[in-house]
Amino acid sequence: MNLHVAPPPTPPETTIVVPLRHPDHGSVVAAIRTAVLADLPAVNRLHHRSALASRTARYFSPRRELREIEWRRQVNARRGRTWVTSTSAAPDDVLGVVQLLRTEHEGEYDLGLMVDDSWQGLGLGTALTVMAIEEGRNRPDCRSITALTGTGNARMLSILRGLGARFHDQQGNTITATITGWRSA
Ligand SMILES: CC(C)(COP(=O)(O)OP(=O)(O)OC[C@H]1O[C@@H](n2cnc3c(N)ncnc32)[C@H](O)[C@@H]1OP(=O)(O)O)[C@@H](O)C(=O)NCCC(=O)NCCS
């Protein structure tokens with residue numbers, strides 16, 4: 001008889017809840033939790049329904065979805081942390097993804113995020129960014145957080161500016177934002 005019983009899956013950790021007011025759905029609560037490998041299909045559905053402009057703003061290329069090998073890297077705790085967001089209005093859909101992942105530069109993490117088109121402009125991107133930066137502050141090896149963004153990405157620039165980012169290294173229509181200062185370099 002095989003006595004090996006697999007442990008029950010650990011419930012995905014809810015990191016933070018954000019109250020939002022959506023023009024169609026009214027008052028909803030966005031739950032942000034650590035992403036797991038099994039989230040890839042929902043994350044790719046988010047990509048599939050996102051406008052080309054949104055995907056290009058995120059990746060600087062017209063990416064349609066993430067490959068499993070990429071998602072595996074993004075949810076690998078040794079590389080940093082990725083979160084997904086769902087709401088009480090659409091619990092099976094991922095409406096936002098944010099990640100804070102180590103770069104090849106020691107002490108530096110990269111921030112990247114994407115919010116569902118129909119949930120943009122409601123404060124979710126700000127909440128996701130604030131949460132990811134808080135995570136960076138709490139990581140002993142994180143001295144700075146960078147984000148590559150489009151020079152015309154008004155929402156992202158506004159979020160980063162509001163968090164005290166320094167903008168540098170403009171190349172064509174992209175610019176790097178760096179957030180630092182909580183730990184001596
Ligand atoms: C950029 C993005 C993550 C922002 O998320 P969001 O949920 O739409 O952002 P928020 O609702 O928190 O708004 C952020 C800021 O934009 C402002 N804003 C909202 N709607 C706006 C609009 N239509 N035009 C310009 N600014 C707007 C908000 O007032 C806020 O500014 P504040 O910080 O000065 O208050 C989201 O739009 C997105 O996923 N875009 C596509 C992918 C992308 O660009 N990723 C970032 C590159 S890493």
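**Exercise 1. State how many helices and strands the chain contains, and give their order.**

Solution. In this predicted model, the secondary structure of the chain amounts to five helices and eight strands. Read from the N terminus, the elements follow the order β-β-α-α-α-β-β-β-α-β-α-β-β.

**Exercise 2. Determine how the radius of gyration of the chain compares with the globule rule.**

Solution. The radius of gyration is 17 Å. For 185 residues the globule rule gives 16 Å, and the two values are close, so the chain is as compact as a globular protein of that length. Further values describe the fold. The C-alpha trace spans about 65 × 40 × 30 Å along its principal axes. Of the 185 residues, 31% are buried. Among contacts with a separation of 6 or more, 54% join residues 24 or more positions apart.

**Exercise 3. Compare the span of helix 4 with its expected span, and list its buried residues.**

Solution. Helix 4 covers residues 124-138, which is 15 residues. From its first C-alpha to its last it reaches 21 Å, close to the 21 Å expected at 1.5 Å a residue. The buried residues of helix 4 are Leu124, Gly125, Ala127, Leu128, Thr129, Ala132, Ile133 and Gly136. To read such a list, recall that an α-helix has 3.6 residues a turn, so residues three or four places apart point the same way.

**Exercise 4. Describe the surroundings of the ligand: which residues are closest, which elements contribute, and which classes are present.**

Solution. The ligand is surrounded by 23 residues, of which Ala57, Gln120, Gly121, Gly125 and Thr126 are the closest. Two or more residues of this shell come from each of helix 2 (52-59), strand 5 (108-115), helix 4, strand 6 (144-150) and helix 5 (154-162). Helix 5 gives the most, with six residues. By class, the shell holds 10 nonpolar, 11 polar and two charged residues.

**Exercise 5. Decide whether isoleucine 159 is buried or exposed, and identify the residues that it touches.**

Solution. Isoleucine 159 belongs to helix 5. A residue counts as buried if 20 or more other C-beta atoms lie within 10 Å of its own. Isoleucine 159 has 24 within that distance and is therefore buried. When residues up to four places away in sequence are not counted, isoleucine 159 touches Gly125, Thr126 and Thr129. Isoleucine 159 and threonine 126 are 33 residues apart in sequence, yet their C-alpha atoms are 5.9 Å apart in space.

Key:
Residues are numbered from 1 along each chain as its sequence is written. This is a predicted model: local features need pLDDT of at least 70, side-chain atom pairs count only at pLDDT 80 or more; totals for chains, interfaces and linings use all residues. Helices (H or I, at least four residues) and strands (E, at least two) are DSSP runs, numbered from the N terminus. The expected span of a helix is 1.5 Å times one less than its number of residues. A residue is buried if 20 or more other C-beta atoms lie within 10 Å of its own, exposed if 12 or fewer, and partly exposed in between; C-beta atoms are placed from the backbone. A residue is near a molecule or strand if its C-beta atom, placed from the backbone, lies within 6 Å of it. Ala, Val, Leu, Ile, Met, Phe, Trp, Tyr, Cys and Pro count as nonpolar, Asp, Glu, Lys and Arg as charged, and the others, Gly among them, as polar. The radius of gyration is taken over C-alpha atoms; the globule rule is 2.2 Å times the number of residues to the power 0.38. Two residues are in contact if their C-beta atoms, placed from the backbone, lie within 7 Å.
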